[in-house]
Amino acid sequence: MIPSDAVPRRFPVTDAEAAVRADLAAVYRLIAHFGLDDLIHTHASARIPGEPDTLLINRYGDLFREVRPERLAVIDHSGRLVRGEQMPINTAGVVIHTAVHAARPEVACVIHTHTAAGVAVSCLEEGLLPLNQTALLFHGDVGYHDFEGIALDRDEQERLVADLGSFNQLILRNHGLLTVGKTVGEAFARMYNLEQACRIQLAAMATGRPLRMPTAAVMERTVRQYAADPDGAAELEWAALRRLAEGAFG
């Protein structure tokens, strides 16, 4: 546990920023709860309302289960801490997240993971397959970015955002998964379901049996059904996940 004197002291924030801080801290705790974390590595970020060039990201060194709203750092698109006390920030997190936020102004949240299933699918030549209902959430909405080594160099940013394009999901080859959303809850739902799709694909492939794909017509119909969201599932789901996050790890 990080000693209490290492926790950044509070500073005044708007109600809008406080709400985003609470949502993003919940994402970190949910990532830990569902086993999608990687010790202190990987990251999630959120744009601060009313500050298009400023975002929140985790303090490097905290376990995801430890993240609380007041622990989140405020950085600009250059990766500079713009307010609050100095704290360590993961360099790869700065490179990846600032690139996406700068290129996609409509995006409120970016999440990146290194799960076993996500990395395994990123290593497959065919990538994510449209095998099942969960995978069809992402049909036609996944980009691929070739591995260039650890994401420490800013010259990679241009290629990364070009490969993301207008997609809401990016599979980083030999590396992991990335999702974006117009809300924090949307970005997390996409990451959770993308992870599930990867796990299901690996389980199906592990049987060694022939894989049965839905028809192209069914794929397109399922995409339209998801987009319609007739039951308002997205809002109900995030409300339920926030309740879960509030109880996770005490």
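## Basis

The model is predicted: local features need pLDDT of at least 70, side-chain atom pairs count only at pLDDT 80 or more, and totals for chains, interfaces and linings use all residues. Residues are numbered from 1 along each chain as its sequence is written, and side-chain values use heavy atoms, with hydrogens and water left out.

## Overall fold

The protein has 7 helices and 8 strands (DSSP runs numbered from the N terminus: H or I of at least four residues for helices, E of at least two for strands). Its radius of gyration is 18 Å, close to the 18 Å from the globule rule for 250 residues, so the protein is as compact as a globular protein of that length. That radius is taken over C-alpha atoms, and the rule is 2.2 Å times the number of residues to the power 0.38. The C-alpha trace spans about 55 × 40 × 35 Å along its principal axes.

Of the 250 residues, 47% count as buried (under 20% relative accessible area; exposed is over 50%, partly exposed in between; 1.4 Å probe, protein chains only).

Helix α5 covers residues 184-206; at 1.5 Å a residue its 23 residues should span 33 Å, and its end C-alpha atoms are 33 Å apart, which agrees. The expected span is 1.5 Å times one less than the number of residues. G208 follows α5 and has a positive phi, near 75 degrees.

L202 is found in α5 and counts as partly exposed because its relative accessibility is 26%. Leaving aside neighbours within four places in sequence, L202 is in contact with A117, A120, V121 and L124 (heavy atoms within 4.5 Å). L128 is 74 residues from L202 along the chain, with their C-alpha atoms separated by 9.8 Å.
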